[in-house]
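Subject: Structure handover

Hello,

Here is the structure we talked about. Please open it alongside this message; my notes follow below.

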Protein chains: 4
Amino acid sequence: MMIIMSTEASSDHIANVVARVEAEGLHAHVVYGEERTVIGVVGDIRFVNREQFTLMQGVQGIVPISRPFKLSSREFIPNDSVFPIDGITIGGPELVIIAGPCSVEDRVQMLETAHAVREAGARALRGGAFKPRSSPYSFQGMGEEGLELLAEAREATGLPIVTEVVAPELVPLVAKYADVLQIGARNMQNFALLNAAGESQHPVLLKRGIAATIDEFLMAAEYVLSHGNRRVILCERGIRTFETSTRNTTDINAIPVLKNLTHLPVILDPSHSTGNWQYVSPIARAAIAAGADGVIIEVHPNPERALSDGGQSLKPERFAELVRQLRVIGEAVGRTVPPAKPLPVQPAIVSQPVEG
Amino acid sequence: MMIIMSTEASSDHIANVVARVEAEGLHAHVVYGEERTVIGVVGDIRFVNREQFTLMQGVQGIVPISRPFKLSSREFIPNDSVFPIDGITIGGPELVIIAGPCSVEDRVQMLETAHAVREAGARALRGGAFKPRSSPYSFQGMGEEGLELLAEAREATGLPIVTEVVAPELVPLVAKYADVLQIGARNMQNFALLNAAGESQHPVLLKRGIAATIDEFLMAAEYVLSHGNRRVILCERGIRTFETSTRNTTDINAIPVLKNLTHLPVILDPSHSTGNWQYVSPIARAAIAAGADGVIIEVHPNPERALSDGGQSLKPERFAELVRQLRVIGEAVGRTVPPAKPLPVQPAIVSQPVEG
Amino acid sequence: MMIIMSTEASSDHIANVVARVEAEGLHAHVVYGEERTVIGVVGDIRFVNREQFTLMQGVQGIVPISRPFKLSSREFIPNDSVFPIDGITIGGPELVIIAGPCSVEDRVQMLETAHAVREAGARALRGGAFKPRSSPYSFQGMGEEGLELLAEAREATGLPIVTEVVAPELVPLVAKYADVLQIGARNMQNFALLNAAGESQHPVLLKRGIAATIDEFLMAAEYVLSHGNRRVILCERGIRTFETSTRNTTDINAIPVLKNLTHLPVILDPSHSTGNWQYVSPIARAAIAAGADGVIIEVHPNPERALSDGGQSLKPERFAELVRQLRVIGEAVGRTVPPAKPLPVQPAIVSQPVEG
Amino acid sequence: MMIIMSTEASSDHIANVVARVEAEGLHAHVVYGEERTVIGVVGDIRFVNREQFTLMQGVQGIVPISRPFKLSSREFIPNDSVFPIDGITIGGPELVIIAGPCSVEDRVQMLETAHAVREAGARALRGGAFKPRSSPYSFQGMGEEGLELLAEAREATGLPIVTEVVAPELVPLVAKYADVLQIGARNMQNFALLNAAGESQHPVLLKRGIAATIDEFLMAAEYVLSHGNRRVILCERGIRTFETSTRNTTDINAIPVLKNLTHLPVILDPSHSTGNWQYVSPIARAAIAAGADGVIIEVHPNPERALSDGGQSLKPERFAELVRQLRVIGEAVGRTVPPAKPLPVQPAIVSQPVEG
């Protein structure tokens with residue numbers, strides 16, 4: 001941290017700041033400039049209340065030097081975090097393609113979609129049972145019944161489940177069914193929820209808030225990591241800007257920036273970052289070309305009948321075409337998309353041995 | 001809602017859309033233009049899944065005609081909502097000035113500030129016991145102990161208490177102490193929390209999210225109102241833009257826009273909307289001049305020692321000066337700032353009757 | 001400027017940076033931190049290419065300490081700039097209210113509006129003869145004929161004229177008629193135009209670009225000032241954000257921020273910053289309450305017939321009401337709005353002496 | 001256009017609006033809803049002043065149905081515009097890679113860079129001779145001398161020249177040397193400049209303004225196109241948002257959105273859209289994967305010595321590596337990057353015939 005003194009600061013002002021810095025157990029290093037003086041503060045300032053300095057007489061402002069996050073930073077862990085989730089690996093050379101409907105709506109829709117996305121090459125299944133909706137009058141999700149349908153789809157296809165949790169008290173319930181707890185954009189700074197997800201030790205897919213800076217995004221991850229839960233996947237899903245041609249603005253820059261700053265895996269959600277199925281495939285390709293570790297895509301067998309976000313959902317055949325494109329783009333940047341996961345071995349229906 | 005057909009839409013496409021509209025129990029009204037056809041949809045579409053139409057063949061898009069909120073709208077309730085909270089009135093000709101520290105830190109700080117702001121003319125006391133903080137390493141508030149100090153300050157000064165609640169399971173605890181439940185900007189779309197606050201039937205001060213549109217802000221209020229809880233105060237507290245000279249950008253336009261759209265009282269928080277004590281007084285004056293029903297201001301007896309947000313806190317004497325200015329500005333726009341609330345009558349220490 | 005070294009920077013990297021700094025005639029001051037080293041650079045860096053340092057090995061980034069503008073800064077000129085323009089004074093205790101139509105449309109409209117705004121208390125007259133329009137198919141202004149009508153309106157009312165200039169080669173023409181050259185938001189970084197306006201030595205009303213930071217705004221003023229032209233008025237007119245309820249977002253914070261950073265007069269244009277006549281009066285009041293030196297308001301005798309921006313224009317009677325409100329608000333913050341300017345003395349129409 | 005009536009509109013109000021619509025030579029089609037009435041306006045409204053309707057009694061607002069641009073729209077010209085520029089083709093299957101320094105600085109730098117980028121596979125050469133700079137104290141470019149060096153580089157390498165023009169009166173000069181006139185982001189709504197470039201009939205590379213919507217971007221192109229100049233290349237170069245980790249936010253969504261709305265070629269400038277050389281290659285790859293017709297990249301032989309924007313410039317060898325990547329990504333989306341352009345045949349130096 002550097003403390004910038006104003007041009008009118010007196011030597012007493014400077015001495016007072018230096019004394020306060022030393023009183024915090026830090027070291028002050030004074031640089032006398034032609035126009036103004038700057039005081040470099042040496043030591044671990046993460047636990048110090050920095051604002052106290054901004055209010056001292058003669059101080060113009062402070063400039064942080066280090067980024068505020070630690071456990072998520074590459075300076076702390078230089079190598080990519082690679083971790084397994086229920087038979088698939090996140091963060092390694094294999095790209096992770098997660099797909100499924102926005103909401104779980106019924107058994108047929110869920111199983112049909114799960115099989116379709118598995119065959120197309122998806123490695124994990126998404127689907128919302130608890131839905132945060134802007135309007136209290138909109139469909140809010142099937143709740144636990146939806147979780148049960150997701151679990152059945154996992155049984156049938158072998159795909160691990162990613163599903164959203166919207167309140168701290170729901171973490172145990174959702175964790176009972178889900179392989180990955182999704183924390184949505186609106187809850188990125190719901191710290192009670194982040195803490196509960198951290199304590200669960202369940203893998204977490206954390207979406208960036210629509211107005212969150214990259215620093216804030218990594219600080220939110222830090223909440224989860226600080227509970228010893230290291231399996232955090234970061235998901236860019238578009239930010240809010242002045243442009244209204246698309247629902248959000250995909251911050252594609254965030255992909256290489258995050259890969260530079262953090263060791264955590266980074267994926268992109270082009271369904272939400274564009275809000276329009278026509279733009280999902282180009283932006284999914286862009287994400288992989290920019291270095292993302294995967295994508296999460298909304299797929300619905302009958303988008304115009306979807307109870308939520310149908311307008312941004314791909315049909316299964318279009319999704320299959322996209323997976324083929326991602327495989328080629330992936331190869332161009334040294335990544336692979338493995339073929340469809342084999343169906344789980346179903347327990348043989350053993351006929352009752354006939355006695356006698 | 002208007003459904004805009006693309007220039008290539010066929011008469012079959014149009015007929016299909018009309019049929020779907022009618023199947024939803026609505027009426028379709030077709031307007032044939034020179035370039036394209038538009039289908040007007042008549043009926044209550046709030047509970048209809050509109051996206052189904054965007055995906056039908058030949059449809060280019062939909063244009064909503066009505067705003068999505070209802071209970072909060074002036075069309076539903078034309079007159080200003082005016083309601084009492086513990087001896088003060090919100091939404092009427094009297095401006096409501098709420099003041100106090102960002103965080104409750106200790107008993108002396110809290111009582112000292114409470115007395116100072118009461119004398120200066122504040123009508124309610126703010127102070128955070130549960131603090132949402134970007135960093136897990138920052139001070140997170142005193143919790144219930146802080147609530148007890150707030151209650152003691154109310155006893156001493158007669159000022160009702162406004163304090164933040166950060167998780168649904170904390171609503172009963174905070175409601176036990178607080179007169180008004182504050183829902184912070186980061187939780188504006190924490191729907192579980194909005195529902196819990198709505199059910200509590202406690203007055204709610206709802207802050208606008210830093211990237212929330214005015215429509216989303218009113219939809220969040222709608223969550224609270226839909227539980228029959230009518231005492232909602234809206235608080236503009238700055239939005240996030242490209243400008244970095246101030247912590248946030250005060251959306252002063254939101255004051256007259258909200259007063260136009262909704263009957264709910266609207267106040268402004270210049271401490272957060274500027275993030276700098278130097279700009280708090282000018283922006284508080286601007287809020288009143290623009291028609292706000294009040295302001296909420298951070299005041300700290302010793303800002304440079306504050307555990308949070310000291311940089312945006314006013315000292316008590318500067319706050320007292322601001323109240324004097326607001327009284328004059330208020331008069332210019334037909335509002336009043338009453339003098340300091342009288343101290344509550346303390347139970348007389350009745351001397352033991354002497355026998356004999 | 002501080003040069004921040006990365007955590008892996010070697011002592012050679014540091015030595016190289018120091019050598020480069022010294023080679024530029026500056027002084028380097030090295031602060032060795034626990035995690036990283038920071039090099040303070042002492043000397044006038046305004047003419048140094050700072051980016052050269054960001055690319056040196058071991059450098060993580062640079063942090064500017066001083067603001068980049070000079071002639072416009074309060075550090076350079078501590079007292080408010082107050083200057084006369086054709087009989088009125090800008091930047092002093094008298095608030096400057098500028099009013100008139102968006103575009104000059106015809107003689108009757110122009111003269112009628114000029115008289116109406118003068119009587120209501122406007123001190124200067126606005127009106128566009130050259131109009132920058134998003135669409136090539138929209139009305140682009142009357143050109144020189146419009147300038148002549150403005151000059152006639154000045155003759156009739158005594159009000160000085162503020163009108164926009166949109167290209168460097170038009171500066172001499174516009175300066176022939178106008179008392180103040182307006183440079184519009186879209187041209188805030190049209191440096192050829194800024195230079196031409198600076199060279200003209202004519203007073204300049206410079207509008208902030210819709211996405212310009214305050215630093216960039218002051219740097220644009222610096223272009224004009226660097227030609228020795230000191231009469232620059234800064235005009236906040238709304239910035240572009242995600243909010244669409246109003247055409248732009250009034251950055252009311254910019255008023256006290258600019259008053260803090262610069263000695264130049266600062267006014268606000270609530271017509272463009274809201275885009276809706278209903279919000280013009282509240283936001284004009286807010287501007288004065290926040291410390292602005294004046295406002296510029298669109299007034300049209302028949303807004304629904306206006307050729308441009310009718311939707312944000314006040315009718316003359318509503319404008320007169322606003323001036324009365326601004327007078328009261330102004331008094332509350334120590335400013336005055338003088339009564340209507342007296343009409344200029346018309347040369348007496350001397351009747352020809354009748355012979356005989 | 002739809003005219004939305006307020007809920008309190010009377011039948012007289014509706015009749016008045018209908019009469020005004022008919023008076024403009026348009027047809028009105030009234031849709032009576034349960035809550036409010038909507039009036040569909042049929043006819044060409046591009047030349048009608050729409051705001052007149054917003055101010056009529058009983059009108060709540062208007063909703064445009066058609067996009068405002070015409071000549072640039074796919075509805076007007078369905079097929080991609082493909083056009084040749086000095087031996088290369090823009091908008092066809094061949095990707096266009098334009099590269100070169102931010103500024104022309106001297107002869108050696110320019111020729112060295114030109115040869116390096118040609119060998120790496122660039123098809124055109126960029127370099128600024130006139131530089132718009134935020135600060136009047138920064139290097140403003142070499143002017144005509146820079147244009148001469150660019151022309152010499154074209155002679156030597158055969159690469160067509162793209163260079164910026166910053167004022168209408170400079171168009172003839174720049175057009176004398178350049179193959180493509182670049183109009184920079186700051187000048188996207190400098191309409192005098194757009195008109196001059198349109199009239200020149202020279203190919204134009206138009207950069208999107210940092211806060212321009214896609215509609216405004218296409219309306220700016222419309223200014224050039226309306227002069228009969230059809231050779232316009234659109235260039236996304238990043239927009240301004242709240243995120244500060246990169247200089248701008250690359251609006252990657254704009255690539256497929258523009259390809260959907262317009263027939264004009266669309267390229268991306270990852271140097272400006274990121275502002276950091278480390279992110280240029282990933283974002284260039286993303287652009288091609290998303291469907292861009294090319295990229296424009298800053299390359300400098302010695303970035304740390306560059307007079308402008310060195311921090312975002314690639315070294316030639318890194319650029320060559322990027323071209324190899326773009327060739328592979330391009331193939332994945334059906335595009336090609338041809339090998340290096342052959343050097344132009346130099347006129348043989350004929351030795352003087354010796355007499356005698």
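In α8(B), the buried residues are B:Ala254, B:Ile255, B:Pro256, B:Val257, B:Leu258, B:Lys259 and B:Leu261. Buried here means under 20% relative accessible area, exposed over 50%, and partly exposed in between, with a 1.4 Å probe and protein chains only. Helices (H or I, at least four residues) and strands (E, at least two) are DSSP runs, numbered from the N terminus. Helix α8 of chain B covers residues 254-261, and seven of its eight residues are buried, so the helix is largely enclosed by the rest of the structure. The cover over these buried residues includes α7 (214-225), β12 (232-236), β13 (266-268) and α10 (277-289) of chain B. Chain C also takes part, through its own α10 (277-289).

Please keep in mind that this is a predicted model: local features need pLDDT of at least 70, side-chain atom pairs count only at pLDDT 80 or more, and totals for chains, interfaces and linings use all residues. Residues are numbered from 1 along each chain as its sequence is written, chains are lettered from A and ligands numbered from 1 in the order in which they are written, and side-chain values use heavy atoms, with hydrogens and water left out.

**B:Phe69**

B:Phe69 sits in the loop between β4 (59-63) and β5 (83-85) of chain B. Its relative accessible area is 6%, so B:Phe69 is buried. Leaving aside residues up to four places away in sequence, B:Phe69 touches B:Asp215, B:Leu218, B:Met219, B:Glu222 and B:Leu261. A touch, or contact, means heavy atoms within 4.5 Å. B:Leu261 is also one of the buried residues of α8(B). B:Phe69 and B:Ala221 are 152 residues apart in sequence, yet their C-alpha atoms are 8.9 Å apart in space.

**Chain D with chain C**

The size of an interface is often given as the accessible area lost when the parts come together. Chain D and chain C bury about 3,800 Å² between them, with 49% of it on carbon and sulfur atoms. That buried area is the accessible area (1.4 Å probe) that two parts lose on being put together, summed over both. In chain D, the residues that lose the most area to chain C are D:Leu55, D:Tyr137 and D:Glu304, together 19% of what that side buries. The contact joins 50 residues of chain D to 50 residues of chain C.

Two salt bridges are found across this interface. The rule asks for a side-chain nitrogen of Lys or Arg within 4 Å of a carboxyl oxygen of Asp or Glu. D:Arg240 forms a salt bridge with C:Glu216, with the closest N and O atoms 2.7 Å apart. On the side of chain D that touches chain C, α2 (51-54), α6 (191-200) and α7 (214-225) of chain D each supply at least two residues. α7(D) gives the most, with four residues.

Copies are superposed by least squares on the C-alpha atoms of residues with pLDDT of at least 70 in both. The same surface serves both copies, as 100% of the contact residues of chain D recur in chain C.

**Chain D with chain B**

Here the contact takes 23 residues from each of chain D and chain B. The two chains bury about 1,900 Å² between them, 65% of it on carbon and sulfur atoms.

The rule finds two salt bridges across the interface of chain D and chain B. D:Arg36 forms a salt bridge with B:Glu75, the closest N and O atoms lying 3.1 Å apart. β1 (2-5), β2 (27-32), β3 (37-42) and β4 (59-63) of chain D each give two or more residues to the side of chain D that touches chain B. β2(D) gives the most, with four residues.

Chain D can be laid on chain B by a turn of 180° and a shift of 0.0 Å along the axis, with an RMSD of 0.0 Å. The two copies are thus related as by a two-fold rotation axis. D:Phe242 is the residue of chain D that comes closest to that axis, at 2.2 Å (C-alpha).

Best wishes
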